[in-house]
Amino acid sequence: MAFKHKFTYEEKVKIVSEYIDGTYGFREICKRYDINQGSLKDWKRLYETFGWSGLKAGSKTTRYSKETKEAAVRDYLSHEFTFPEILKKYQIRSGTQLKKWIKKYNGCEVLKSSGTGETIS
């Protein structure tokens with residue numbers, strides 16, 4: 001298995017800046033820094049949604065309301081928005097998180113507000 005480089009905040013800012021400024025093209029940056037294309041897309045989305053601070057590693061868990069989770073899942077199931085658009089619209093940091101909500105919803109589980117442990121009707 002290949003070694004997976006963990007990029008620092010400063011490295012991410014430099015790389016995203018080079019992409020946004022047009023210094024290098026998307027594929028060239030991915031090749032130049034040995035970055036997965038999905039990672040660069042995620043970093044760009046995080047920057048567009050949260051500014052430069054979005055590229056910092058989160059030390060605190062983001063909490064989402066039941067209503068936000070349900071609205072994001074409904075938008076996904078309606079096919080009116082792309083996956084990245086939904087992440088940006090609801091300021092969801094992780095695509096994996098949205099996928100978990102969709103899986104729970106499709107499995108007829110109740111989506112709860114984050115961190116409360118309770119079901120809100």
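Predicted model: local features only at pLDDT ≥ 70, side-chain atom pairs only at ≥ 80, totals over all residues.
**Helix packing**

I looked up how H2 (residues 26-33) sits against H3 (residues 37-50). The two pack at an angle of about 115 degrees, and their axes are 10 Å apart. I therefore noted H2 as roughly perpendicular to H3. For handedness, I recorded the crossing of H2 and H3 as right-handed. On the H2 side the contact is made by Phe26, Arg27, Ile29 and Cys30, and on the H3 side by Gln37, Leu40 and Lys41. I sorted the residues of this contact into four nonpolar, one polar and two charged.

**Salt bridges**

I found five salt bridges in the structure, and I followed up some of them.

In H1 (residues 9-20), Glu18 and Lys14 lie four residues apart, about one turn of the helix. Their side chains meet at 3.4 Å, N to O. I have Glu18 as buried, at 13% relative accessibility, and Lys14 as partly exposed, at 44%.

In H4 (residues 66-78), Glu70 and Lys66 are also four residues apart, about one helical turn. The closest N and O atoms of this salt bridge are 4.0 Å apart. Glu70 is partly exposed, with a relative accessible area of 24%, whereas Lys66 counts as buried at 10%.

I then checked Glu48 and Lys88, whose side chains form a salt bridge at 3.4 Å, N to O. Glu48 lies in H3 and Lys88 in H5 (residues 83-89), so the pair ties together parts 40 residues apart in sequence. I noted Glu48 as partly exposed at 38% relative accessible area and Lys88 as partly exposed at 37%. Through shared partners, salt bridges join Lys44, Glu48 and Lys88 into one network.

Methods:
Residues numbered from 1 in each chain as written. Heavy atoms only, no water. Axes fitted to C-alpha atoms, helices over the stretch in contact; angles between N-to-C directions. Parallel < 35°, antiparallel > 145°, perpendicular 65-115°, else oblique. Left-handed = near helix turned anticlockwise from the far one by under 90°. Contact = heavy atoms within 4.5 Å. Nonpolar A, V, L, I, M, F, W, Y, C, P; charged D, E, K, R; others polar. Buried < 20%, exposed > 50% of the residue type's maximum accessible area, 1.4 Å probe, protein only.
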